Amino acid sequence: MTAVLLLEDEPSAYVQAWRQLAPDLELQVPADPAEAFRLAAAGDYWFGQPDRAAALLREGAKPTWLQSTWAGYAPLLAADLPCDYRFSRAVGLFGQSIGEYVLTYLLQHERQVIARQLSQREQRWDTRTPGTLAGRRLLLVGAGDIGQDMARLFAPFGMTITGVARSPRAVPGFAQVVTLAELRQAAREADFVVNLLPDSTSTRDIYDAAFFAALPAGALFINAGRGTSVVDAALIAALQGGHLAGAVLDVFRQEPLPQDHPFWQAPNLQLTAHVAGPTAPAAAIRLLLDNLQRLQQGQPLRGAVDLALQPKV
């Protein structure tokens with residue numbers, strides 16, 4: 001019988017969903033790191049978090065195939081880790097959730113929700129005309145499967161959506177897609193910027209002082225990708241100077257965010273604790289089962305990544 005090793009910090013929801021979706025397939029849930037290594041060294045299929053898989057790879061274990069439950073996979077790109085195994089990242093799991101997260105804050109911004117809550121507390125009748133998403137210019141930095149799901153979700157709102165990807169191409173739902181080298185130029189025409197990029201050598205520190213200066217005054221910045229993309233001090237300066245209307249951050253260079261970090265006190269900055277796109281265990285298991293069948297039938301895997309071709313971090 002095929003066995004799958006689960007590598008998750010909180011496995012209970014996966015175990016429960018597994019019983020319903022794959023009762024005839026053995027799921028191995030290690031009780032401690034020693035058991036995880038023993039099972040990993042003897043097993044072919046791993047399923048779970050890249051950071052936990054990286055720890056086992058570093059100890060000398062290696063799978064035939066690893067199905068990740070994350071969209072990103074930076075922990076697997078360390079220079080001291082092997083990359084001669086099959087790998088597929090989580091795809092098709094996060095677009096709806098991250099899209100709803102972003103939409104929440106776009107609407108909050110345009111409808112002036114925070115200001116109107118304040119006027120209610122002050123018992124002040126606020127008749128200012130709210131804004132609308134119609135006609136606004138949205139820059140989605142990341143036009144892969146998550147960005148494309150979001151573009152479909154946002155279609156009814158009448159925004160003009162520009163995407164940023166590795167190569168320019170026509171993508172449904174986007175007015176245009178430009179390269180990362182054109183990011184700053186595209187920023188000059190954006191009312192909203194949403195970062196969806198994973199952590200890599202090419203995406204670190206791209207949101208610097210020059211980027212924020214290129215944005216039109218009053219723009220809104222949202223980071224639902226990775227914290228390493230943002231130069232923290234540059235974002236704080238843009239907020240303190242009033243150039244940005246606001247920012248929303250779900251990801252950070254260090255998580256949990258330290259209590260003494262200046263983000264906590266920065267003006268017009270809203271923080272959430274890496275909750276924009278949680279992995280739904282049942283959806284992740286369905287992806288694993290689909291890819292397992294593809295693997296056994298010699299078909300291409302959904303979300304396949306050749307780690308040997310990725311730059312080391």
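Predicted model: local features only at pLDDT ≥ 70, side-chain atom pairs only at ≥ 80, totals over all residues.
Which residues does Leu 140 touch, not counting residues up to four places away in sequence?

Residues are numbered from 1 along each chain as its sequence is written, and side-chain values use heavy atoms, with hydrogens and water left out.

Leu 140 sits in strand S6, where helices (H or I, at least four residues) and strands (E, at least two) are DSSP runs numbered from the N terminus. Leu 140 is buried, with a relative accessible area of 0%; buried here means under 20% relative accessible area, exposed means over 50%, and partly exposed lies in between, with a 1.4 Å probe and protein chains only. As for the question, Leu 140 touches Gly 147, Met 150, Ala 151, Ile 161, Thr 162, Gly 163, Val 164, Phe 174, Val 194 and Leu 196, a contact being heavy atoms within 4.5 Å. Between Leu 140 and Phe 192 there are 52 residues of separation in sequence, and their C-alpha atoms are 8.4 Å apart in space.

Let me turn to helix H2, which spans residues 33-42 and in which Ala 36, Leu 39 and Ala 40 are buried. These three lie on the same side of H2, because they cover an arc of only 100 degrees around the axis, the arc being that of the directions from the helix axis to the C-beta atoms. On the other side of H2 we find Ala 34, Arg 38, Ala 41 and Ala 42, which are exposed. What covers the buried residues of H2 includes strand S1 (3-7), strand S2 (26-28), strand S3 (45-48) and helix H3 (50-58).

The C-alpha atoms of Pro 33 and Val 193, 160 residues apart along the chain, are separated by 41 Å.

In the loop between S3 and H3 lies Gln 49. Is Gln 49 buried or exposed? At 6% relative accessibility, Gln 49 counts as buried. The side chain of Gln 49 makes a polar contact with the side chain of Asp 51, at 3.0 Å; a polar contact is a pair of N or O atoms within 3.5 Å, where within protein one must be able to donate a hydrogen and the other to accept it, and residues adjacent in sequence count only if both atoms are side-chain atoms. Leaving aside neighbours within four places in sequence, Gln 49 is in contact with Leu 7, Glu 8, Asp 9, Thr 69 and Trp 70.

Next, some points of backbone geometry. Most residues other than glycine have a negative phi, and most peptide bonds are trans. Gln 112, in the loop between H4 and H5, has a positive phi of about 55 degrees although it is not a glycine, and Gln 112 is partly exposed, with a relative accessible area of 21%. Gln 123 also has a positive phi, near 55 degrees; Gln 123 lies in the loop between H5 and strand S6 (137-141) and is exposed, with a relative accessible area of 76%. A cis peptide bond, with omega about -5 degrees, joins Glu 255 and Pro 256, and Pro 256 is found in the loop between S11 and S12.

Helix H9, residues 232-240, has Asp 232, Ala 234, Leu 235, Ile 236, Ala 238 and Leu 239 buried. The buried residues of H9 pack against helix H8 (209-214), strand S10 (219-223), S11 and S12. Just after H9, Gly 242 takes a positive phi of about 80 degrees.
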